[in-house]
Amino acid sequence: MFFPYFSRKIITMFELESRVKIPFLWGKSVFKKKNWSQINLIVGPNGSGKTLLAQGLADQFKKAGYSVSFIKSDRGNRKKQLTLLKTNAKIRGKIETVLSSMFGKSIKFIEDIDGTLIPIVENKAWNVEYMLEDAECHGLKEIILLLISLYQKSSENSLGECIFFDEPELHLHPQFQTFFMNEIRKEVQHSSRRIFFLISHSPFFIDLRTPEDLTGVIACHINKVPTSIVELSGEDDILFRKFLPRFNTYHKQFFFSDNQIFVEGYTDQQMFTYLLPFIDNEYSAAGTGIIDVGGKDELGVFCKVCSLLGTNGRIITDLDSLFSGKLRDVFSQDQRVCQWLDKQKEKQEAFYNLIFSEKEINLDITLEKLIRKLERFLVDIGKSIIDISSADIKSELKKNSENQSQISRHDLELLEFLLQKLALLQEKHENAETIDTYKTVLLQAIGLIPELLERILPEKIAVTIPLVKNLSALVLAAAEAARVYILPKGCIEHYYTQNQILFMPVSAKDRLFRNELDFIQNAHRKVVRKKYAELINLLQKACTPS
């Protein structure tokens, strides 16, 4: 049976309680799904059981009273299918229109000696004829067979018609894949009794136009039961309506592998792609892609989709992601993070007593609470730094120099640059302490010159510097539980070896990136591994299975 689901437009959904077991792939786990879209996509890497799952679902739909067609990747009996063009004028007319429009060709049949029909293609441009099977390209043959299967409607008196297409992209140019997907959508609009399943490796069939389309995606995984989105919350619906128009073919790679790594921009994508072959076991990264999503908020959306769909995507992001954006909201609420923090309670009890009041400790310690505490520490430290003039700092250093170890010139230069950076941010922003860049700069400074800051700040504030270091390390470790890897130095440019970059934001990124890329391409493998050890180790963690 089917029922209408209302959301701006009426979308037909089918209800069938389905259960599929494949023990040699998923052990004792069982794939379960009740509500089905008219267009369902079964996606995932090779060897994840997509076709076996589809065959199991086909059997269950057939037992439930649906008319089922399973169009295998070898397309079955081609002669029998092509004969339909001779006997079914309506289907022949549709396909001839397609052939004429797209290829400038038409098709007709001649009878062989044994009575079978031979399809003949006429090329109108040159007024020549030839046999379809002998001379025509694979692509045209495939599109004809797929369209025949699509246009042929079941005449059986059934509950509905269920059609499975296994690897419809075979031999098809991407434009033809898009065309065929559009034809499926037309059929859906014309009939509420037809339901389609596409088992595909092609991003051109990931045609998601509305948030509801996401509920039709079934993600298959290696050695794990397939997953799907059961339902979307109102907040998710709003988020995906804004995001889907920006969701391009390149982004859709993550549907076909659990090993995709998402980054914010193209320089991150290029750097990590070039460094990927330098991890300890480069073969462990097989099937891994580095995907540039085009912004920090987009990272949050991908993190949300992966979480809902059960796809174990990984994210590498800048330090400022801690202080604003959709990504922070998503990974802070991730169940893996919550479970990780629960396990840390006893170990971190003494530390929590230092940074939280008794009332705060009695409540749950969430990642959001930890980040807010970190922000408060940073704001207080920032105010104290700004309140101290350069003259006061020099005087304090001179006064303490006899009893303290000498401060390096480099650290003093970093301090001076920090003061300049904070002053610029205050000039640019009315409430600079609320800006994520401001808090990021302070956290970077604590990572670079913690001892110096402890010496120049009032004692009440100075004692929080070690607390901030511990707290930030705890927050970054918690984020990793959700496979979100935050660059502790700031952003990718702070790991460059050909230029020294201090604090955020960073300008002239393209020039800096080109210098770095030239070095990586020309340096010896051992040199690259040594120079970029921190980034390579982070990549290694991101590529390691959970």
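Predicted model: local features only at pLDDT ≥ 70, side-chain atom pairs only at ≥ 80, totals over all residues.
Local features need pLDDT of at least 70 and side-chain atom pairs count only at pLDDT 80 or more, whereas totals for chains, interfaces and linings use all residues. Residues are numbered from 1 along each chain as its sequence is written, and side-chain values use heavy atoms, with hydrogens and water left out.

A salt bridge is a side-chain nitrogen of Lys or Arg within 4 Å of a carboxyl oxygen of Asp or Glu, and by this rule the count comes to 26. Three of these pairs, among them Glu298 with Arg246, are listed here.

| Glu298 | Arg246 | 2.8 Å |

Helices (H or I, at least four residues) and strands (E, at least two) are DSSP runs, numbered from the N terminus. The Glu375 and Lys439 pair links helix H15 to helix H18 across 64 residues, and both Glu375 and Lys439 are buried, where buried means under 20% relative accessible area, exposed over 50% and partly exposed in between (1.4 Å probe, protein chains only). Glu480, at 28% relative accessibility, counts as partly exposed, and Lys541 is partly exposed at 40%.

Helix H18 (residues 436-448) also packs with helix H17 (residues 409-428) at an angle of about 170 degrees, their axes being 10 Å apart; axes are lines fitted to C-alpha atoms, for helices over the stretch in contact, and angles run from 0 to 180 degrees between N-to-C directions. H17 and H18 are therefore roughly antiparallel, a term for angles over 145 degrees.

Methods. Parallel < 35°, antiparallel > 145°, perpendicular 65-115°, else oblique.
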